[in-house]
Amino acid sequence: MTLLDVRGLDISVAGRTLVRSLDLSVSSGSVTALLGRNGAGKTLTLHTLCGLRAAEKGSISVAGQSLAQWPRKELARKLGLLAQTTEDPFPSTVMETALIGRHPHIDFWQWESDIDRSIAGTALEAVDLAGFAARDISTLSGGERRRAAIATLLAQDPELFLLDEPINHLDPPHQLDALRLFRARADAGRAVIMSLHDAGLAARFSDQAVLLFGDGDWLCGPTREILTETNIGRLYGVAVREVSWEGGRTFVAV
Ligand SMILES: Nc1ncnc2c1ncn2[C@@H]1O[C@H](COP(=O)(O)OP(=O)(O)OP(=O)(O)O)[C@@H](O)[C@H]1O
């Protein structure tokens with residue numbers, strides 16, 4: 001089933017067109033990797049896809065209905081954003097932070113139920129924060145805080161996960177854990193779009209890749225066809241070699 005359909009989308013800022021006439025279709029069960037240099041427009045694109053930023057030109061539909069027509073709370077059950085950075089303006093515990101993800105599922109006058117607490121607890125376990133529930137969120141390390149943000153999104157449990165550099169701050173084992181976890185969500189019928197700076201991890205975990213060149217140009221297609229030495233070299237403006245091993249491949253700048 002097509003969860004997200006984007007046609008002719010322009011992303012512009014301060015008089016510059018970063019993405020011109022983007023067409024993108026995302027189906028349940030798939031992982032899409034979004035790659036581009038710093039400033040190419042990955043964050044602005046993700047923010048536009050979830051309605052935080054208005055689309056100047058083009059159409060975005062979510063589960064067959066125009067993005068703008070979705071009531072905000074219903075939309076938050078369809079799609080959820082892992083922002084690139086998180087702020088904690090109010091004191092709260094790690095459990096309270098994870099429970100924020102349950103808000104789209106709770107009626108206006110209701111408190112979180114035991115089921116919501118159990119879902120949030122399971123999400124904390126999934127990101128290796130089981131023992132952290134009572135901790136003040138402001139005491140977490142950068143990587144722990146990133147995993148708490150992932151737990152909040154897992155507790156939200158949207159159909160489409162929009163992830164802005166999900167492995168920021170994570171050490172290598174937790175990077176793999178997080179990417180495996182989202183890959184498993186997709187394999188269970190959800191969908192994922194994630195911006196990444198590691199083309200090797202994009203090759204390993206995605207089915208579809210979108211390359212943003214930052215000048216309006218983009219490429220989109222099956223990962224195997226899009227992630228090539230030539231395209232990645234053009235994307236980053238450096239010579240790149242593909243390195244393969246049994247079943248896997250990565251890219252090295254030379
Ligand atoms: N409000 C704004 N005014 C002017 N320029 C902006 C504004 N917001 C974003 N930009 C610029 O738009 C460009 C795209 O930003 P965006 O955050 O989408 O990049 P990105 O691809 O996610 O980069 P990174 O890899 O560094 O996270 C950047 O050059 C940024 O400086």
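Which residues are exposed on the other side of α4? They are D114, I115 and S118, where exposed means that 12 or fewer other C-beta atoms, placed from the backbone, lie within 10 Å of the residue's own.

## Model and overall form

This is a predicted model, in which local features need pLDDT of at least 70, side-chain atom pairs count only at pLDDT 80 or more, and totals for chains, interfaces and linings use all residues. Residues are numbered from 1 along each chain as its sequence is written.

The protein has nine helices and twelve strands, taken as DSSP runs numbered from the N terminus (helices: H or I, at least four residues; strands: E, at least two). Its C-alpha trace spans about 50 × 40 × 35 Å along the principal axes. The radius of gyration is 18 Å, which agrees with the value near 18 Å for a compact globule of 254 residues; it is taken over C-alpha atoms, and the globule rule is 2.2 Å times the number of residues to the power 0.38.

Of the 254 residues, 37% count as buried, that is, with 20 or more other C-beta atoms within 10 Å. Among contacts with a separation of 6 or more, 65% join residues 24 or more positions apart; a contact requires C-beta atoms, placed from the backbone, within 7 Å.

## Ligand shell

The residues around the ligand include V13, A14, L18, G36 and N38, together with the run G39, A40, G41, K42, T43 and L44. A residue is counted here if its C-beta atom, placed from the backbone, lies within 6 Å of the molecule. Helix α1 (residues 42-49) gives the most to this shell, with three residues.

## V31 in strand β3

V31 belongs to strand β3 (residues 31-36). V31 is buried because 25 other C-beta atoms lie within 10 Å. Leaving aside residues up to four places away in sequence, V31 touches F182, R183, A186, V192, F205, S206 and D207.

## Helix α4

The buried residues of α4 are I119, A120, A123 and L124. They cover an arc of only 140 degrees around the axis, so they lie on the same side of α4; the arc is that of the directions from the helix axis to the C-beta atoms. The buried residues of α4 pack against α3 (94-99) and α5 (142-156). D128, which follows α4, has a positive phi, near 70 degrees.

Definitions and conventions: Contact = placed C-beta atoms within 7 Å.
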